[in-house]
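Please read them with the sequence and the model open.

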Amino acid sequence: MVHAFAIQPPTYNTFEDETEQLEQCKEWGLLSEKAAKTKSFFYKGNGMNLPCGIVGFVDKMTAVIEFDNKQLHCIHPSYLKEMQAANYSQRGAGTADSTETEGLDLEASQEDVPASVEANVEATAEASVEEVKKAPKEPKKEKAKKEKAPKLQLPEDKVKMIATVKEFTTVPNNFSDTEDEVVIYEAVSMTEPEMEIGEAWSSHSATLKKLELEIGDKLSFECKIVAKKLSKHPVPYKINNPAKLQKVTS
C-alpha cells in the first residue's frame, strides 16, 4: 500500500552505523541519554498508526522515516516525538499533515527550511508554510537569529583539504567495552573549493596510525566532510574516509 501523504526526500543522509543513529535520536529527544539501542517508532497521522524506523535525515530538523512498505517520509523530529505519547490523538482528517508542516517551520525562525523538503511538500502544505513565513517574527526570536553564527554549506562530494593535528582522544562506544580513538584537527580548510572550516575530527583509523602522527603535524588529504558533533567535545564537523594522505612540511 502506497501512503499518499508521504513527503519523499529527493536526497538525504543515511546513518553510517547504529551508533550514529542512536546519537542522533538522543539529540532529537526521541531516546533517553541512557538508551543503549534504538527502538520502533509509530506514525499516528492521517487516521493511521504505522510502525516506522528512522533511517536518516535531510538536515538537523528534518528526520527521514521508513514504513514497512519501504516508502520514505520527511518529518520534524519534535512532531514524531509527540506521536509516541500513549495519549496522542488525531485532531481531525488532514490535521496531521498541516501540523507536521508547521513543525518543520517552527525552526525557520533560526534556520531556513531546506529547499529539498519544501520542493516536495504537497500544494496545500506549501500554502500553509508560506502563511507562517509571512507572519511577523517575535522580537526576541529575531534577536536570537541575528546572534547565531552562520551555518557552513558543506559540499556533498569529496574535497581536498588541509588540517593540523590538535589532539588525540577517545570517546565512549555504546556497543563496545572499549572506547573509540579519534583525532581532533585545527586550522581545517578546504583547498578546492576554498573554505575555512575551523575544527574537525575523524576516527583514528589504521591508515592514519601508519603515518605515526604527532600533535602539530600538518596533513593534506581528500575526504567527505559532514556536520556531526564529536561526543563530549565542542567539535562540530567530521572528516569521513580520508584518502591520499600526506604530511605537509613547512
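1. At the start of helix 1, the backbone nitrogen of Thr19 has a side-chain oxygen of Asp17 within 3.2 Å. Just after helix 1 comes Gly29, with a positive phi of about 85 degrees. This is a predicted model, and the values in these notes are computed from it.

2. Helix 1 is mostly covered, with 8 of its 11 residues buried. The buried residues are Thr19, Glu20, Gln21, Leu22, Gln24, Cys25, Lys26 and Trp28. They pack against strand 1, strand 3 (50-59), strand 4 (62-67) and helix 2 (77-83). The buried set includes Glu20 and Lys26, and Lys26 is taken up next.

3. A polar atom of the Lys26 side chain does, however, lie 3.0 Å from the backbone oxygen of Glu33.

4. How many salt bridges does a search of the whole structure find? The search gives 5. Side chains of opposite charge can pair when their charged atoms come close. Three of these pairs are described in the points that follow, among them Glu16 with Lys238.

5. Glu16 and Lys238 meet through their side chains in a salt bridge, at 3.1 Å from N to O. The two residues are 222 apart, and the pair links distant parts of the chain. Glu16 sits in the loop between strand 1 (13-14) and helix 1 (18-28), while Lys238 belongs to strand 10 (residues 237-248). Are the two partners buried or exposed? Glu16 is partly exposed, at 44% relative accessibility. Lys238 is buried, because its relative accessible area is 7% and the limit for buried is under 20%.

6. The salt bridge between the side chains of Lys166 and Glu199 has an N to O distance of 2.5 Å. Lys166 is in strand 6 (residues 159-171) and Glu199 in strand 8 (residues 194-203), so this pair ties together parts 33 residues apart in sequence. Both residues count as partly exposed: Lys166 has 33% relative accessibility and Glu199 has 23%.

7. Glu181 forms a salt bridge with Lys209, and their closest N and O atoms are 2.8 Å apart. Here a strand is linked to a helix: Glu181 is in strand 7 (residues 180-192) and Lys209 in helix 7 (residues 206-210), 28 residues apart. Glu181 is partly exposed, with a relative accessible area of 39%. Lys209 is also partly exposed, at 38%.

8. Two lysines deserve a look at the backbone. Lys232, in the loop between strand 9 (218-227) and strand 10, has a positive phi near 65 degrees although it is a residue other than glycine. Lys232 is exposed, with a relative accessible area of 72%. Lys244 is not a glycine either, and its phi is positive at about 55 degrees. Lys244 is placed in strand 10 and counts as exposed at 61% relative accessibility.

9. Some totals for the protein chain complete the notes. The chain has 7 helices and 10 strands. Of its 250 residues, 40% are buried. Among contacts with a separation of 6 or more, 59% come from residues 24 or more positions apart. The chain exposes about 14,500 Å², of which carbon and sulfur atoms supply 50%.

Terms used. Residues are numbered from 1 along each chain as its sequence is written. This is a predicted model: local features need pLDDT of at least 70, side-chain atom pairs count only at pLDDT 80 or more; totals for chains, interfaces and linings use all residues. Side-chain values use heavy atoms; hydrogens and water are left out. A salt bridge is a side-chain nitrogen of Lys or Arg within 4 Å of a carboxyl oxygen of Asp or Glu. Helices (H or I, at least four residues) and strands (E, at least two) are DSSP runs, numbered from the N terminus. Buried means under 20% relative accessible area, exposed over 50%, partly exposed in between (1.4 Å probe, protein chains only). Contact means heavy atoms within 4.5 Å. Accessible areas come from the Shrake-Rupley method with a 1.4 Å probe; for residues, only the protein chains shown count as cover. A polar contact is a pair of N or O atoms within 3.5 Å; within protein, one must be able to donate a hydrogen and the other to accept it, and residues adjacent in sequence count only if both atoms are side-chain atoms.
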